[in-house]
Amino acid sequence: MADDTATPDPTEEVDKLVVRFAGDSGDGMQLAGNRFTDASALFGNDLATLPNFPAEIRAPAGTLPGVSSFQVQIADFDILTAGDQPDCLVAMNPAALMTNLKDLRQGGTLVVNSDAFDERNLAKAGYQSNPLEDDSLKGYRVIKVPMDDLTKEAVKDTGVKGRNVLRSKNLFALGLMAWLFHRPTEPTIDWIEKKFGKKEEVAAANVAAFQAGYNFGVTTEATKNTFEVKPAALEPGTYTNVNGNTALAWGLIAASRKSGLPLFYGTYPITPASDILHELSRHKDFGVRTFQAEDEIAAVGATIGAAFAGSLAVTGSSGPGIALKSEGISLAFMLELPLIIVNVQRGGPSTGLPTKPEQSDLLFSLYGRHGESPLPVLAIATPSEAFIMAIEAARLAVKYMTPVILLSDNAAANASEPWRLPDLDSIPEIDVEYTKHPNGPDGTFLPYMRNVDTFARPWAIPGTAGLEHRVGGLEKDALSGDVSYDPNNHQLMTDTRGWKVANIANDIPQLEINGDEHAEILVLGWGSTFGSIGAAANRSRLEGRKVATAHLRYLNPLPSNLGDLLRSYDKILIPELNTGQLMKVIRAEFLIDAVGLNKVSGEPFKISEIMDKIQEMVE
Amino acid sequence: MTTPTYTRADFQTDQEVRWCPGCGDYTILASVQQFLAALGRPREEFVFISGIGCASRFPYYMKTFGIHSIHGRAPAIATGVATTRPDLSVWVITGDGDALSIGGNHLIHVLRRNVNLKILLLNNQIYGLTKGQYSPTSEVGKTTKSSPFGSIDYPFNPVSLALGAEATFVARTLDMDRNHTQAILKAAYEHEGAAFIEIYQNCNVFNDKAFIQVTGKEERVHNRIDLQHGKPIVFDSGSKAVVMREGHATVVESSSVDPNAILIHDETRPDPAVAFALSRLSHGPYGPTPLGIFRNVERPTYDVELNAQVDKAKELQGEGDLESLIRSHGTWTVEAESPNGG
């Protein structure tokens, strides 16, 4: 089996490893990757993941478009991305090899399921000859394993039949990887038993396949040496492994707790935001009410109703769905009701690339409404940060009585990372009180009489005697809220709504600069490019360059020190997974000649791409 | 808590009502205010939500909580209010364009979900606010500003539509008959779940006398079929009756059939087929047209079910614990003193 029959060397210790699992979308590669990740997390490595799957649920088996992959980088130090190049590639069929081999590091380890390399599959992948039998893989350490046969053998006594037999082969592959990289096996076995506990034979088959894969490594000494990555020197604390969608859902629940407001989530299924609904719908014990509406428009509509009635109201979607919600968001802005709109961005426009990351909804978030309707716009930088940013979005929404847009993207939503659990008690309460008493002369209620500090209007919910009032999309009198077509009033109300949002700049953190004080260049980013930018800056510094970085979590209003900061650097680079949207905003706001590094290939930045641009600019 | 004593004036706002003089909306507004005043339920527990159109100005004139929202979305917005606040009485005011054109999707879905909303569809068979285009209930051939050669759109029958959308309460009334309107409002209010009421409403500016066949002094005698639960369906001073023939509701001379063959109206039939057949007696206010409650059946309501799931989860699992939630994926600890820590 192994192409190397020499006595195995002792374990080789490495500081980091990039592993990619690739196979057919039906092969369970996401599951294998996630299990490998969780085992590594519990072992104490730092890690970052990059899932990559087709939009089709099951593209024709064995074809190139049907390939699904999951990449994870594990390290014994603080890493920021899932890595540019895999050190090890698992290819479950020829199509997976064809589409992924180009990324594998020269000399890297290639684990292939040799049973899948038959004539039919080779043809589907476009191979003229079998790469396992010619010289084309000479530059790699190849481990050929007949996974179909070995899996069948392993599960034969467990009672699974028919198609279920080969379903376990991803766990065989995972077992082999656990051996190759010294991963603990208990977390995976525990997980299988918990997950498939009710289907005993499936659980037994999966455990058997996993152990067979592991034992295959031990007994055949499948390769000359194995690798170990020691636990990372992370900051002391308790950690869990979490992805962006889950962290966001938990953050919303935490915001509900911190504000004392019941959480309402109105949505319509859409990739890659649906997992937020799935997660929230499980937590009714927190008083969470989820509503799967008939369409995106109804989803935002119900959310507006819930906000009017006193809930912490949230709607979530991705670009195309947000477009449908646009009219409703403008209504919420006009009504001045607290609302959170989550946009998990994906490749666009239209249906675009539903399962790929892109940051192309920034301008849409800032300006994608009719009329003068500025909204606070926040963006998460890493998966785990979604927790705290969801709480922040809620704080701003209820404090300023405004809809708030919270941007995530497909990279942060599905990628996971170790998260040092926060001290929940140290997260401040969200101070919110419904108005209980009339605020006008003679016991009248003036629904648009504003708080003098925040310009927020009172939140008077139905059921409160004496505060009956009507709100609507028509322009309203600045105090009574009655319909008003008065020219001066519309000017005043437009200005006031604008001030209210602009004034939030005084209530958000100043932007911090990381890195060299007298840097030659500032790299400014936002969203899930955080890791790539940080890693590129670190490596550029190792090469002797003076590089500073800053990452925007607040896209509107912008931090109040941003202009001065930008003006203190000669060169400003803005890498974005779009054609230059933040760059446009920065140029327009500050008349600064920022330079863009832009990419819309449906893939995250490679660290090297940003490094090259930094080098080009400083030389 | 004592029941408040209200008069109609307690439900009127200080806003000048701005419908055209003679508009049927005035009468409907008066009927609703009178009905609510008589209920004696605290005013602050009512929420009126509308979309866009002449009818949708309604909430501004109701001294309750209210939202004048955007085109067609009132049922969706009301769903958010009703599902989070089952303690409130939530009403949707809509029109033929608002409910059946731009908001058609939301209407059918609140009906099938049986959200506890009272939906008043003020049907004037015309677009009034945009000044006179044909609507989804305008008759074929109607000449309007946007159909100078006659409308080629086949209209909806709102009652048939609601029945097809699994509505549990479906009724029809008309603007000028305040007693009839109030009786229907009462039944709708008492119904648990979505109640759909089509109200024929005269637009005297753009579509005057559209309902003359059921409202005219002479015509109504011959054409108005009053559906009364448990009673045989007869009209035109008893001279005409409705029987079921081969699955169709059919108008016959009363004298020509065995009195036992006359259809007894039963609004509680679980199967909506007979109610649907009655709705097909006319495709609009043309000729003999049934008024009253077509269907009134019980089915679990969405808001009650949703809140029951929340209550049950809390009962079974206890109040959710945030600390356990964020640890639910498994945790590991990095010690400060360990060689790998800090």
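This is a predicted model: local features need pLDDT of at least 70, side-chain atom pairs count only at pLDDT 80 or more; totals for chains, interfaces and linings use all residues.
**Reading helices, core and contact**

Reader: How many residues does helix H11 of chain A have, and what does it reach from its first C-alpha to its last?

Author: The general idea is to compare a helix's reach with the span expected at 1.5 Å a residue. H11(A), residues 296–308, has 13 residues and reaches 19 Å, close to the 18 Å expected. The residue Gly310(A), which follows H11(A), has a positive phi near 110°.

Reader: Why is H1(A) described as largely enclosed by the rest of the structure?

Author: A residue counts as buried if 20 or more other C-beta atoms lie within 10 Å of its own. Twelve of the 15 residues of H1(A) are buried, so this helix is largely enclosed by the rest of the structure. Among the buried residues are Met29(A), Arg35(A), Phe36(A), Asp38(A) and Leu42(A). Helix H1(A), residues 29–43, reaches 21 Å, close to the 21 Å expected. Just after H1(A), Gly44(A) takes a positive phi of about 105°.

Reader: Which residues touch the most other members of the largest nonpolar core?

Author: A nonpolar core is read as a set of buried nonpolar residues joined through C-beta atoms within 7 Å. Here the largest has 271 residues, and Ala390(A), Leu406(A) and Phe196(B) touch the most other members. Helix H14 of chain A, residues 385–400, gives the most to this core, with eleven residues. Apart from it lies another core, of five residues, among them Cys23(B), Ile126(B), Tyr127(B) and Cys203(B).

Reader: Which residues does Leu406(A) touch, not counting residues up to four places away in sequence?

Author: Leu406(A) touches Ile340(A), Ile341(A), Val342(A), Leu378(A), Met389(A), Ala390(A) and Ala393(A).

Reader: How many residues does the contact take from chain A and from chain B?

Author: To read such a contact, one may count the residues on each side and then ask which elements supply them. The contact takes 61 residues from chain A and 56 residues from chain B. On the side of chain A that touches chain B, the largest share, nine residues, comes from H11(A). H1, H9, H12 and strand E9 of chain A are among the elements that give two or more residues to that side. By class, the side has 31 nonpolar, 18 polar and twelve charged residues.

Reader: In which sense do E9(A) and strand E12 of chain B pair?

Author: E9(A) and E12(B), the latter covering residues 332–334, pair in the antiparallel sense over three bridges. The bridge partner of Gly237(A) in E12(B) is Val334(B).

Note on methods:
Residues are numbered from 1 along each chain as its sequence is written. Chains are lettered from A and ligands numbered from 1 in the order in which they are written. Helices (H or I, at least four residues) and strands (E, at least two) are DSSP runs, numbered from the N terminus. Two residues are in contact if their C-beta atoms, placed from the backbone, lie within 7 Å. Ala, Val, Leu, Ile, Met, Phe, Trp, Tyr, Cys and Pro count as nonpolar, Asp, Glu, Lys and Arg as charged, and the others, Gly among them, as polar. Two strands pair if DSSP finds at least two bridges between them.
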